[in-house]
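Student: I would like to check some labels against their definitions. Can we go through them one at a time?

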Amino acid sequence: MVRRAGGTGGSGDGVKGARRPEVRLPVLEPFRGGELAVDGDYDGLEFRDADFAGQDGGGARFMDCALTGCVLDETGLHHARLLDSVLTGIRGVGTNLAESTLRDVELVDARLGGVQLHGAVLERVLVRGGKIDYLNLRKAKLKDVVFEGCVLVEPDFGGAVLERVEFVDCSLKGADFSAASLRDVDFRRAAELGFARGVDRLAGAVISPVQLLELAGVFAGELGVRVG
């Protein structure tokens with residue numbers, strides 16, 4: 001477990017910084033209720049305090065939408081597309097977003113557990129605040145993604161491809177990077193950095209000198225070196 005040791009990311013130090021989303025929502029129409037539809041098309045809508053628990057919106061498209069305070073327990077959003085949208089204060093357990101696409105999305109103060117994003121594509125995504133337990137990003141593709149001020153408990157990045165990903169004031173607990181591929185991934189400003197598996201896959205990432213010292217035991221264990 002590593003505590004933040006300062007440092008800065010981005011240009012000027014050989015590390016390419018992530019491009020953050022710049023979502024500018026139009027005037028939104030309120031969602032009039034009802035259940036999500038498979039392959040539904042939602043454009044310019046505001047979903048506020050809606051309960052979508054157990055509903056199936058697989059293949060749905062959300063464009064220029066705001067989802068605020070919505071419940072997504074066991075909600076099926078497999079192959080969904082979330083584009084130019086802001087999700088604030090959503091909560092749920094077992095939300096299925098496998099093989100979905102998130103592009104130019106802000107996820108703010110989420111409370112999620114066991115969310116499935118395996119095989120998903122995330123591009124220009126900001127995850128700010130909140131807590132996500134057991135986030136499944138196996139074999140996902142992340143490009144220009146920032147995790148900021150959030151808590152990620154045992155996130156699974158196994159087999160994922162990460163490019164220009166930043167962890168800023170983010171607590172990363174028991175992360176699994178087995179078989180992952182990293183390029184320009186910046187851990188230096190993480191508030192807490194803990195790896196369960198996959199430290200041998202960190203080539204292409206950057207950590208601070210203090211983090212290196214605090215992770216020395218983890219690296220030694222990976223190499224089979226005893227310290228004592």
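Student: What makes the contact between the side chains of Glu123 and Arg124 a salt bridge?

Tutor: This is a predicted model. In it, the N to O distance between the side chains of Glu123 and Arg124 is 3.2 Å. The cut-off is 4 Å between a side-chain nitrogen of Lys or Arg and a carboxyl oxygen of Asp or Glu, so the pair qualifies. Both Glu123 and Arg124 are buried, which means under 20% relative accessible area.

Student: Why is Asp41 called exposed?

Tutor: Its relative accessible area is 55%. Exposed means over 50%, so the label holds for Asp41. The side chain of Asp41 meets that of Arg61 in a salt bridge at 2.6 Å, N to O. Asp41 lies in strand β3 and Arg61 in strand β5, so the pair ties together parts 20 residues apart in sequence.

Student: Why does Glu46 count as partly exposed?

Tutor: Glu46 has 25% relative accessibility. Buried needs under 20% and exposed over 50%, so Glu46 falls in between. Its side chain meets that of Arg48 in a salt bridge, 2.8 Å from N to O.

Student: How many salt bridges does the structure hold, and which residues are linked in a network?

Tutor: There are 16 salt bridges. Arg19, Asp144, Glu163 and Arg164 are linked in a network of them.

Student: What are the residues lining the largest cavity, by class?

Tutor: The lining divides into 22 nonpolar, 1 polar and no charged residues.

Key: Residues numbered from 1 in each chain as written. Predicted model: local features only at pLDDT ≥ 70, side-chain atom pairs only at ≥ 80, totals over all residues. Heavy atoms only, no water. Nonpolar A, V, L, I, M, F, W, Y, C, P; charged D, E, K, R; others polar. Helix = DSSP H or I, 4+ residues; strand = E, 2+ residues; numbered from the N terminus. Buried < 20%, exposed > 50% of the residue type's maximum accessible area, 1.4 Å probe, protein only.
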